[in-house]
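I opened the model and went through contacts and backbone angles. My entries follow.

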Amino acid sequence: MNRYFFECFVEQIYHFEALDNELLKKLEPGNDVVFGLLSVEEDKSGTYRNQVLVKFENKKLGVLSIEDSNKMLPFLQEGWLGLFSGKICSVYDKDDENKRIKIVVYINKSKQ
């Protein structure tokens, strides 16, 4: 079983593909999300250079806050993309963009 790490909100959703209403309708508690880093081509301005990207069904939902990203960033920058997994725990349709999607981050169990 994967180990609980922390809960947080996905931020800046209106700057990514979560603007798609069809995508937002698919988001439900229990859905899996994956984490990654934006490439230089995707983030030409460097705005999200120090933030972890959150994806659902290969669509960019948004990023974690800088504070939350700092918990994961050193591992992701070293190529440990499979270390973390995540699940949506809440979706709020009336809150502001940084409080609409709440996720749980897990540390994946080693496959020794």
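**Strand pairing**

I began with the sheet and found Asp32 opposite Lys87 in S5. The model is predicted, so I noted the limits: local features need pLDDT of at least 70, side-chain atom pairs count only at pLDDT 80 or more, and totals for chains, interfaces and linings use all residues. Residues are numbered from 1 along each chain as its sequence is written, and side-chain values use heavy atoms, with hydrogens and water left out.

Strand S2 (residues 32-36) pairs with S5 in the antiparallel sense, over 2 bridges. Strands pair here if DSSP finds at least two bridges between them. Helices (H or I, at least four residues) and strands (E, at least two) are DSSP runs, numbered from the N terminus. I then followed S5 to strand S6 (residues 101-107), and found 7 bridges in an antiparallel arrangement. Phe84 has Ile107 as its bridge partner in S6.

**Aromatic rings**

I searched the whole structure and got 5 aromatic pairs. Rings of Phe, Tyr and Trp (its six-membered ring) pair if their centres lie within 6.5 Å; planes under 30 degrees apart are stacked, over 60 edge-to-face, the rest tilted.

Phe5 and Phe6 are edge-to-face, because their planes stand at 65°, with the centres 5.0 Å apart. Phe5 and Phe84 are stacked, because their planes are at 25°, with the centres 5.8 Å apart. Phe5 lies in strand S1 (residues 3-10) and Phe84 in strand S5 (residues 84-91), so this pair ties together parts 79 residues apart in sequence.

I checked accessibility next. Buried means under 20% relative accessible area, exposed over 50%, partly exposed in between (1.4 Å probe, protein chains only). Phe6 is buried at 6%, and Phe84 is buried at 6%. Phe5 is partly exposed at 29%. One aromatic cluster holds Phe5, Phe6, Phe75, Trp80 and Phe84.

**Lys71**

Which residue lies over the face of Phe6? I found Lys71 there, 4.3 Å from the ring centre. The rule asks for NZ of Lys or CZ of Arg within 6 Å of the ring centre and within 35 degrees of the ring normal.

Lys71 also forms a salt bridge with Asp68, the closest N and O atoms being 3.4 Å apart. A salt bridge is a side-chain nitrogen of Lys or Arg within 4 Å of a carboxyl oxygen of Asp or Glu. Asp68 and Lys71 are 3 residues apart in helix H2 (residues 66-77), so about one helical turn separates them. Asp68 is buried at 12%, whereas Lys71 is partly exposed at 34%.

**Other salt bridges**

I counted 5 salt bridges. In one of them, Lys26 meets Glu57 at 3.2 Å, N to O. Lys26 is in helix H1 (residues 21-26) and Glu57 in the loop between S3 and S4, 31 residues apart. Lys26 is partly exposed at 45%.

I also found Lys60 with Glu42, at 3.1 Å, N to O. Lys60 lies in strand S4 and Glu42 in the loop between S2 and S3, so the pair ties together parts 18 residues apart in sequence. Glu42 is partly exposed at 41%.

Most residues other than glycine have a negative phi. Glu57 has a positive phi of about 50°. Its loop runs between strand S3 (53-56) and strand S4 (59-63). Glu57 is partly exposed at 49%.

Asn58 has a positive phi too, near 60°. Asn58 lies in the loop between S3 and S4, and is exposed at 69%.
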